[in-house]
Amino acid sequence: MKDRQTAFSNPGCIALAQTPAQDINRLRRTVIEGVKNGNHLLALFLLPAENNGTDELFAVLGDIETRRLFIMRAPVQNSYPSITVDLPLAERFEREIAEQWGVVPTNHPWLKPVRFHESYRQEHHAQPQGMTDFLQPGVMDFLKAEGDEIHEVAVGPVHAGIIEPGHFRFLCHGEKILHMEIALGYQHRGVEQALIGGPDKRTIHYMETLAGDTTIGHALAYCQALEALSACEVPLRGQALRAIALELERLANHTGDLGAMAADVGYSPTAAFCGRLRGDFLNLSALLCGNRFGRGLIRPGGVAFDLDVGLAAEINLRLTKIYQQVEQAVDLLWREPSVLARFEETGVIDKMLAVKLGLVGPAARACGIEYDVRVDFPAGMYRQTPIQVSTWFTGDVYGRAFVRWLEIKRSVNFICKLLNNLPDGPTAVDPGEIAGGRIAVSLVEGWRGEICHTVVTDERGRFRLYKVVDPSFHNWLGLAMAVRNEGIMDFPICNKSFSLSYCGHDL
């Protein structure tokens with residue numbers, strides 16, 4: 001296909017001028033047909049015009065069969081025919097474009113705000129005239145229903161636990177959930193706008209705090225994008241240390257989630273053990289760089305800290321001991337009938353629906369979807385040392401828990417293999433100058449799933465646009481669908497089994 005002649009591997013970049021330009025109808029058809037043929041819609045965003053030019057809609061697709069990424073663009077005016085009508089997984093992208101730039105996807109089924117901020121362009125709003133005066137977080141139309149025993153339950157945005165703000169509006173018949181709407185955007189920080197004109201000394205810190213529990217994942221996606229723009233090749237030792245840090249982040253969060261899921265069904269033993277063991281994994285990250293979340297480790301060109309033989313042996317020894325304890329704690333979970341009764345056949349998403357919604361990460365793999373960026377679009381050390389994709393088939397709470405357990409086992413084996421065979425040589429190189437007039441895409445399989453960073457540079461090599469897609473962006477709608485026809489008492493366990501990020505969505 002002509003549109004794919006400029007395809008590249010992950011991470012990669014091409015000159016902006018070489019990006020295939022086409023009319024909006026053709027772009028729309030290509031995206032819809034591409035996804036139906038198994039491609040992944042990685043990003044859909046608007047590049048605003050400069051110098052009296054025209055706005056352009058960009059789509060980034062990933063072709064798993066060829067392991068190649070490709071980009072297309074089309075000029076748009078104030079509106080364009082909605083892609084969501086034929087491709088539901090595009091719905092949040094299009095709502096975001098409308099909210100940010102006032103460019104309306106016509107016939108979009110429900111063009112509600114995503115993050116409740118005014119348009120980035122004055123006097124250019126997607127909402128009807130006057131509506132922007134009332135654009136406050138959570139102030140929106142929710143689906144209504146009337147009848148005997150029909151009632152609404154509102155949860156949040158302030159929650160009882162130490163979690164971030166989000167509002168859930170349940171429409172229930174008795175105790176059964178008929179429909180749930182999710183209103184986010186309470187902590188929109190304007191990060192993508194703040195990144196324009198960079199990179200500068202603040203940029204890496206923005207990346208490390210896009211989603212606090214995904215420090216390594218987002219910092220790595222950012223650094224890969226910069227290295228693609230500067231044609232920088234990270235030394236093998238630096239690649240290995242990056243992969244170890246990414247898997248430690250996965251181990252800590254998966255272990256913590258399994259403990260939290262146990263707590264949500266009142267099973268204290270696994271909850272208590274996993275809460276402590278999560279901290280032990282975080283302490284291994286601290287051994288690498290002095291910070292439990294890995295801040296300060298990943299830098300453009302490589303990593304900021306090396307690992308000597310003694311420290312590598314200590315991490316290896318501690319990792320083995322921690323894993324043995326995790327195995328015991330999780331084995332308790334699988335052996336407890338009362339836990340399995342709450343996990344199995346609860347919050348089911350079948351494979352067909354998961355594909356339709358564009359789910360990623362463990363939530364998708366629990367439905368039998370064999371997609372993992374580490375395997376399908378490998379970068380860095382994952383090209384040298386493959387890791388097996390972990391899948392299950394039930395699509396329920398049990399499936400999402402079990403996939404986490406499989407990934408824990410495989411991440412431990414992966415880290416041990418790297419620690420026993422660390423490449424010699426430097427850990428970093430000077431990344432060099434960033435090329436101007438280019439567009440780069442970088443993918444990382446974070447612990448929640450696919451992370452996509454897309455960067456457009458101006459002629460001076462400064463960020464003209466920086467687009468971040470956190471895996472939560474894809475999966476929030478999956479949670480809303482999973483709780484339909486469930487008892488409202490099962491919402492917490494369904495919610496935890498997805499374990500989505502509020503701040504990663506509210507960028």
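**View 1. What lines the largest cavity, by class.** In this predicted model, the lining of the largest cavity is made up of 7 nonpolar, 3 charged and 2 polar residues. Here Ala, Val, Leu, Ile, Met, Phe, Trp, Tyr, Cys and Pro count as nonpolar, Asp, Glu, Lys and Arg as charged, and the others, Gly among them, as polar. A cavity is a set of points on a 1 Å grid over the protein atoms alone where a 1.4 Å probe fits but cannot get out, and lining residues have an atom within 4 Å of a point. Look for F45, L46, W101 and Y120, which are among the lining residues.

**View 2. Where that lining comes from.** β14 (463-469) joins β2 (40-47), α2 (91-101) and α3 (191-195) in giving at least two residues each. The largest share, 4 residues, belongs to β14. Helices (H or I, at least four residues) and strands (E, at least two) are DSSP runs, numbered from the N terminus.

**View 3. The largest cavity among the others.** The whole structure holds 7 cavities of 30 Å³ or more, and the largest has a volume of about 100 Å³. A volume is the space filled by probe spheres set on the points, with grid points joined across faces, edges and corners.

**View 4. The largest pocket.** A pocket is an open set with protein on both sides within 12 Å along at least five of seven lines. The largest pocket has a volume of about 800 Å³, and of its 30 lining residues, I162, I163, K496, S499 and L500 lie nearest its centre. α6 (236-264) and α16 (491-498) each bring at least two lining residues, with α6 giving the most, 5 residues.

**Notes.** Residues are numbered from 1 along each chain as its sequence is written, and side-chain values use heavy atoms, leaving out hydrogens and water. Local features need pLDDT of at least 70, side-chain atom pairs count only at pLDDT 80 or more, and totals for chains, interfaces and linings use all residues.
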